[in-house]
Amino acid sequence: MTAEQAAMMLKLQQVGMTMDDLREYLDTHLYDQYALERFNMAAAEYAALQEEYSRTYSPLTWHDACNSDSEWNWGLSDFPWDY
Amino acid sequence: MWIYEKKLQYPVKVSSTNPRLAKLLISQYGGPDGELSAALRYLNQRFTMPTNNTKALVTDIGTEELAHLEIIATMCYKLTKDADRDQLFAGNFDPSFIEHGKALYYQDANGNPWTAAYIQAKDDPITDLTEDMAAEQKARTTYNHLLDLTDDPGVIDTLRFLREREIVHYQRFGEALVQVEDHYACKKVF
């Protein structure tokens, strides 16, 4: 994994973690406007990062496994414990 | 339905081969208060939770525990994958190696296999959420014990993250418990 890809993966982990934490918080604070705004901001940022990462490097989920017509890159790209 | 992301929830950095540490960490893989127990306990409780937001909470925390299971597995794998014969002996990893090689196995640090007896399901959300709070504290204590015996800086960083999540989940379950008690109090007809 290149330094650029690693940096983008770290960003995905940071924004993903923000969403994980806010999601559980919102499950017990259903009408917290500030948390809702923060979640929606993080979700939009994550979607953009996921799209860019999958297009540039390799698919994050099998939903993203469509950046090539010639190979099944979901099955070709590394798993997290190998990079 | 679940969708897998090729991404660890938190980065794992292991400084050096250390099968002895892997043998300790495996307790949070398949031990009584480990991540497998946590994930299966919460996901199984979803069906008898009384409100949608409590179902959402045990779904989301149970799913996060699966991500923690993968983090523990990644650490154990990286700590053992390059270990030679001498290192396996020195790390007291040889008994596990006989049965499983370097494969991960759902067991505690003493080699006891995972059992469903570690978790409960009582069809009483107040009881179940109270068990969940205790489970998070037991996991937090186990992470404390692991941190006491770990000197790998990368592993310490990841263990501190996992310990922090136990504290957050304890807080969320506590909030859910109060809400479920209120839910039943409101439903009473005199």
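Visitor: Which residues of H3(B) are buried?
Guide: The buried residues of H3(B) are Glu35(B), Leu36(B), Ser37(B), Ala38(B), Ala39(B), Arg41(B), Tyr42(B) and Gln45(B). A residue is buried if 20 or more other C-beta atoms lie within 10 Å of its own, exposed if 12 or fewer, and partly exposed in between, with C-beta atoms placed from the backbone. Helices are DSSP runs (H or I, at least four residues), strands are runs of E of at least two, and both are numbered from the N terminus. This is a predicted model, in which local features need pLDDT of at least 70 and side-chain atom pairs count only at pLDDT 80 or more, while totals for chains, interfaces and linings use all residues. Residues are numbered from 1 along each chain as its sequence is written, and chains are lettered from A and ligands numbered from 1 in the order in which they are written.

Visitor: Why is H3(B) described as largely enclosed?
Guide: Eight of the eleven residues of H3(B) are buried, so the rest of the structure largely encloses this helix.

Visitor: And what covers those buried residues of H3(B)?
Guide: The cover includes helix H2 (27-30), H4 and H7 of chain B.

Visitor: What confidence does the prediction have for chain B?
Guide: Chain B averages a pLDDT of 96, and 98% of its residues score at least 70. Here pLDDT is the predictor's confidence in each residue, from 0 to 100. The model scores ipTM 0.96 and pTM 0.96.

Visitor: How many helices and strands are in chain B?
Guide: Chain B has eight helices and zero strands. Its C-alpha atoms fill a box of roughly 70 × 30 × 30 Å along the principal axes. Of the 190 residues in chain B, 40% are buried.

Visitor: What about contacts between residues 24 or more positions apart?
Guide: Such pairs account for 76% of the contacts in chain B with a separation of 6 or more. Two residues are in contact if their C-beta atoms, placed from the backbone, lie within 7 Å.

Visitor: Moving on, how many residues has the largest nonpolar core?
Guide: The largest nonpolar core has 39 residues. Those with the most contacts inside it are Ala22(B), Leu25(B), Tyr29(B), Ile71(B), Ile72(B), Met75(B) and Cys76(B). The elements of chain B that give two or more residues to this core are helix H1 (19-25), helix H3 (35-45), helix H4 (52-80), helix H7 (125-148) and helix H8 (153-187). H4(B) provides the largest share of this core, ten residues. A nonpolar core is a set of buried Ala, Val, Leu, Ile, Met, Phe, Trp, Tyr and Cys residues joined through C-beta atoms within 7 Å.

Visitor: Which residues does Met75(B) touch?
Guide: Leaving aside residues up to four places away in sequence, Met75(B) touches Val12(B), Val14(B), Leu25(B), Val155(B) and Thr158(B).

Visitor: Val155(B) is in H8(B), then; which other residues are buried there?
Guide: Val155(B) is itself buried in H8(B), and the others are Thr158(B), Leu159(B), Leu162(B), Arg165(B), Glu166(B), His169(B), Arg172(B), Phe173(B), Ala176(B) and Val180(B). They pack against helix H1 (3-28) of chain A together with H1, H4 and H7 of chain B.

Visitor: How many residues has H8(B), and how far does it reach?
Guide: H8(B) has 35 residues and reaches 52 Å from its first C-alpha to its last, close to the 51 Å expected at 1.5 Å a residue. The expected span is 1.5 Å times one less than the number of residues in the helix.

Visitor: How many residues of chain B are in contact with chain A?
Guide: There are 23 residues of chain B in contact with 20 residues of chain A. On the side of chain B that touches chain A, H4 and H8 of chain B each supply at least two residues. H4(B) gives the most to that side, with nine residues.
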